Amino acid sequence: MTGNHRNSSFTRRHALAVTGGAVAAGGLAVTGYQPAFADTTDTTDTATEATATASATATGACMTLMSSVTEGPYYLDGALVRKDITEGKSGVPLTLRLTVVDATDGCTPVKGAAVEIWHCDAWGYYSGYTTANPGGSAPAESEDGSTANDASYLRGYQIANANGVVKFETIFPGWYTPRTCHIHVKVHTGGEKEDGTYEGGKVNYTGQLFFDDTVAEEIFALAPYSRHSGSYTTLDNDMVYDGGGASSGLLTLKAVHKADPSKGYKGSLSLAVDPDAENTGAGSGSGGAGGTPPSGAPTGAPPSGAPSESASPSASASS
């Protein structure tokens, strides 16, 4: 089953500074995007995180090992270690809280694990591949008016604390044909932060995070998402999501303000991994699974100017 997005009368968006302000588009003010991160601050303290992890361990309530899948066609090396990965990209705010636990050891937290995420913007474009057609009808990525670096937006690492927790500030992803709304994720161990990125070690888990269809449809009716019209794929028809719920990457979502979805969401999930395993998701030979990349996906080397393993931290990078 697919859903159809209708074109709206929303005109071209203007720049949105990372430091806040409403998105102005042709005189129509669209509020509740970047500034709402202040509303979505997770006040869960370290003691509470530790209690929750200890409780799961004591009761033996450890999750099933996460299902590894393909990394997809839009991966780039050298993402920056930072909490806020938006770089001014507009969209409904999403505060993402992920907890890395060892599924082979009673769900004990994996301190120091590096969690890497990347996803498309509100119109379905990935940094590094901004000319790849997202399907349907969407404005060119260059029309978004943001100050984002086309080689690095919506990509980043965070290092897990003593309770295995990482937090990201981002936006709700858009969609591209033929995929459902999703975020890519890798869990690395054994490396270290260097030159603003994460170097060395190995990839223990490659997966994708998914969103409830009802919530996604609600978000996609809002600007700027509504300027991307066409048919999108629901969870049941996605080539990667296998219906396994949390163990397959389905996020738990909580609206910041129930009556106003534009204020944003909090998403959370525990990533139960095997720290001794290795899975890059780069292909079937590495254990990647979950279908073939979308047709028309980029091939060959990343574009010039894309982040590399020697990338230096930008002014917006934060640990």
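This is a predicted model: local features need pLDDT of at least 70, side-chain atom pairs count only at pLDDT 80 or more; totals for chains, interfaces and linings use all residues.

Me: Is Asp195 buried, partly exposed or exposed?
Reply: Asp195 has a positive phi of about 55° although it is not a glycine. Most residues other than glycine have a negative phi. Buried means under 20% relative accessible area and exposed means over 50%. At 47%, Asp195 is therefore partly exposed.

Me: What is the relative accessibility of Cys107, and where does Cys107 lie?
Reply: Cys107 also is not a glycine and has a positive phi, of about 65°. Cys107 sits in the loop between S4 and strand S5 (108-109). Cys107 counts as buried because its relative accessibility is 2%.

Me: Which residues touch the most other members of the largest nonpolar core?
Reply: This core has 44 residues. At least two residues each come from strands S4 (93-102), S6 (114-118), S8 (165-171), S9 (182-194), S10 (197-210) and S13 (265-273), and from helix H2 (213-220). Another core lies apart from it, with 14 residues, including Tyr75, Leu76, Cys120 and Tyr176. In the largest core, the residues touching the most other members are Leu98, Val115, Ile117, Phe172, Leu209 and Leu271.

Me: Which residues does Leu209 touch, leaving out those up to four places away in sequence?
Reply: Leu209 is one of the residues that touch the most other members of the largest core. With residues up to four places away not counted, Leu209 touches Leu96, Leu98, Cys181, His182, Ile183, Val185, Gly249, Leu251, Leu269 and Leu271.

Me: Which side chain makes a polar contact with that of Arg179?
Reply: Arg179 is in the loop between S8 and S9, and Arg179 counts as buried because its relative accessibility is 3%. Outside four places in sequence, Arg179 is in contact with Gln208, Phe210, Thr233, Asp238, Met239 and Val240. The polar contact of 2.7 Å is with the side chain of Asp238.

Me: How many Å separate the C-alpha atoms of Asn237 and Arg179?
Reply: Asn237 is in the loop between strand S11 (230-233) and strand S12 (252-255). Asn237 counts as partly exposed, at 42% relative accessibility. Asn237 and Arg179 are 58 residues apart along the chain, and their C-alpha atoms are separated by 8.7 Å.

Me: Is the peptide bond from Thr177 to Pro178 cis or trans?
Reply: Most peptide bonds are trans. Pro178 is in the loop between S8 and S9. Omega from Thr177 to Pro178 is near 5°, and the bond is cis.

Me: How much space lies in the second largest cavity?
Reply: The structure holds two cavities of 30 Å³ or more. The space in the second largest cavity is about 30 Å³.

Note on methods: Residues are numbered from 1 along each chain as its sequence is written. Side-chain values use heavy atoms; hydrogens and water are left out. A nonpolar core is a set of buried Ala, Val, Leu, Ile, Met, Phe, Trp, Tyr and Cys residues joined through side-chain atoms within 4.5 Å. Buried means under 20% relative accessible area, exposed over 50%, partly exposed in between (1.4 Å probe, protein chains only). Helices (H or I, at least four residues) and strands (E, at least two) are DSSP runs, numbered from the N terminus. Contact means heavy atoms within 4.5 Å. On a 1 Å grid over the protein atoms alone, a cavity is a set of points where a 1.4 Å probe fits but cannot get out, and a pocket is an open set with protein on both sides within 12 Å along at least five of seven lines; lining residues have an atom within 4 Å of a point. Grid points are joined across faces, edges and corners, and a volume is the space filled by probe spheres set on the points. A polar contact is a pair of N or O atoms within 3.5 Å; within protein, one must be able to donate a hydrogen and the other to accept it, and residues adjacent in sequence count only if both atoms are side-chain atoms.
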